[in-house]
Amino acid sequence: MTKKAQGINTICTHAGELEDEQFKGAVSPLYMATSYAFEEVEVKRYPRYFNTPNQVALAQKMAALEHGEAALIFGSGMAAVSNSLLAFLQNGDHVVLQNTLYGGTINLVTEEFDKFGIGYSFTKDSKPASFEAEIKKNTKVIYIETPSNPLLTITDLKAIAGIAEKHGLVSMIDNTFASPVNQNPIDFGIDLVIHSATKYMGGHSDILAGTVISSEDYIDKVFHLAKNFGGSLSDYTVWLLERSIKTMGIRVKAQSENALALAEFLEKHPDVDRVYYPGLKSHPEHSLASSQMKAFGGMLSFELKQDLDAVHFRKALKLIKPSMSLAGVESTILSPAKTSHGLMSAEKREKLGIKDGLLRFSVGIEEKEDLIADIEQALEKIKK
Ligand SMILES: *Cc1c(COP(=O)(O)O)cnc(C)c1O
């Protein structure tokens, strides 16, 4: 490193910009071509090869955001997850995965890996010793997600990177919930960082995309698989995503501040039983979270007191909308037992600590006073 790394908002706004040499416009030009010259050119470009001008420029922004060397942009978060895992796993290999992962990742592993002859184990919990306990002779990859969905558990990045190094494994993280604004796992020794860019990077609930960031060598390895699987993102959406990321730093900062204020409000509220948010001192891993996150993000979960119906409460909210996805500028809420974890048996949910009344709250950028007022009016309404 020769020069000091730029700050987050400078990277968000400027890293990987394409210059408009022709007209000197203020934003990156959009190159929609799917066909480029093959003679007397530096690079043979084709969108599925992840190398159009807009893809390359956005990948540079992603790498800068996560302090990596290179990145690839995908058509969805799951395309980034599946290509990253399968690039490092072959027939006969084994992967150790955290027990509390995004539902789609659990489905990918449990529904598809058998047919590739790839073995897998899920940990008992997110403690480092539980990962080490599952490592076998043929283990090649260790895969984590922190903060996790929906109970916001925290996994120790440095400890996991250490375990991976000791056993010669490739470490991967799904960093979607934290976003690059609040957590940069490469700084703690994690090898590959994956995001569903559908969430905080897009930020407006109108883009489906994914990315993986790592060293040049590792990204090259993912590329060689990904060009065959064909999961790249259309250049138009690449261009929109670049535009969205310009405001990611200030959006996520506002969302994190709101989430902390709401978590503190809910924790003190007599109608609320329990709040799960790593920014609260009462969170069992608060000090670990403080050591590896800059702020604690916009996601929190909570349970109302036993005698209050969570579904009635959710329906009584006016400003905070029910929604499957998360991380948009608008506040949304969902019941994990009815959505993300709805296909699981009640018994399995109970084991994971996901009660039927649990509510997952994706905090937006609205004024926090308005969000609090909405929660208060909904609680009043259901108690009548
Ligand atoms: C949404 C999400 C994904 C999957 O991303 P898609 O863009 O929907 O494919 C993966 N991990 C986490 C944590 C997510 O929230």
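A salt bridge is a side-chain nitrogen of Lys or Arg within 4 Å of a carboxyl oxygen of Asp or Glu. The exercises below apply this term to a predicted model.

**Exercise 1.** Identify the domains of the chain and state how far apart their centres lie.

*Solution.* Step 1: the chain is divided into domain 1, residues 8-245, and domain 2, residues 249-383. Step 2: taken over C-alpha atoms, the centres of domain 1 and domain 2 are separated by 27 Å. Step 3: to the contact, domain 1 contributes 34 residues and domain 2 contributes 36 residues.

**Exercise 2.** Determine how much area domain 1 and domain 2 bury between them.

*Solution.* The two domains bury about 2,900 Å² between them. Of this area, 57% is on carbon and sulfur atoms.

**Exercise 3.** Find how many salt bridges are counted between domain 1 and domain 2, and examine the pair Lys127 and Glu285.

*Solution.* Step 1: the count between the domains is one salt bridge. Step 2: the side chains of Lys127 and Glu285 meet at 3.8 Å, N to O. Step 3: the cut-off is 4 Å, so this pair qualifies as a salt bridge.

**Exercise 4.** Describe the polar contacts between the domains and the side of domain 1 that touches domain 2.

*Solution.* Step 1: 15 residue pairs are in polar contact between domain 1 and domain 2, both residues at pLDDT 80 or more. Step 2: helix 1 (8-14), helix 7 (179-182) and helix 9 (235-245) are the elements that give two or more residues to this side of domain 1. Step 3: helix 7 gives the most, with three residues. Step 4: the residues of this side comprise 14 nonpolar, 17 polar and three charged.

Technical notes:
Residues are numbered from 1 along each chain as its sequence is written. This is a predicted model: local features need pLDDT of at least 70, side-chain atom pairs count only at pLDDT 80 or more; totals for chains, interfaces and linings use all residues. Side-chain values use heavy atoms; hydrogens and water are left out. Domain bounds come from an automatic or database domain assignment. Contact means heavy atoms within 4.5 Å. Buried area is the accessible area (1.4 Å probe) that two parts lose on being put together, summed over both. A polar contact is a pair of N or O atoms within 3.5 Å; within protein, one must be able to donate a hydrogen and the other to accept it, and residues adjacent in sequence count only if both atoms are side-chain atoms. Helices (H or I, at least four residues) and strands (E, at least two) are DSSP runs, numbered from the N terminus. Ala, Val, Leu, Ile, Met, Phe, Trp, Tyr, Cys and Pro count as nonpolar, Asp, Glu, Lys and Arg as charged, and the others, Gly among them, as polar.
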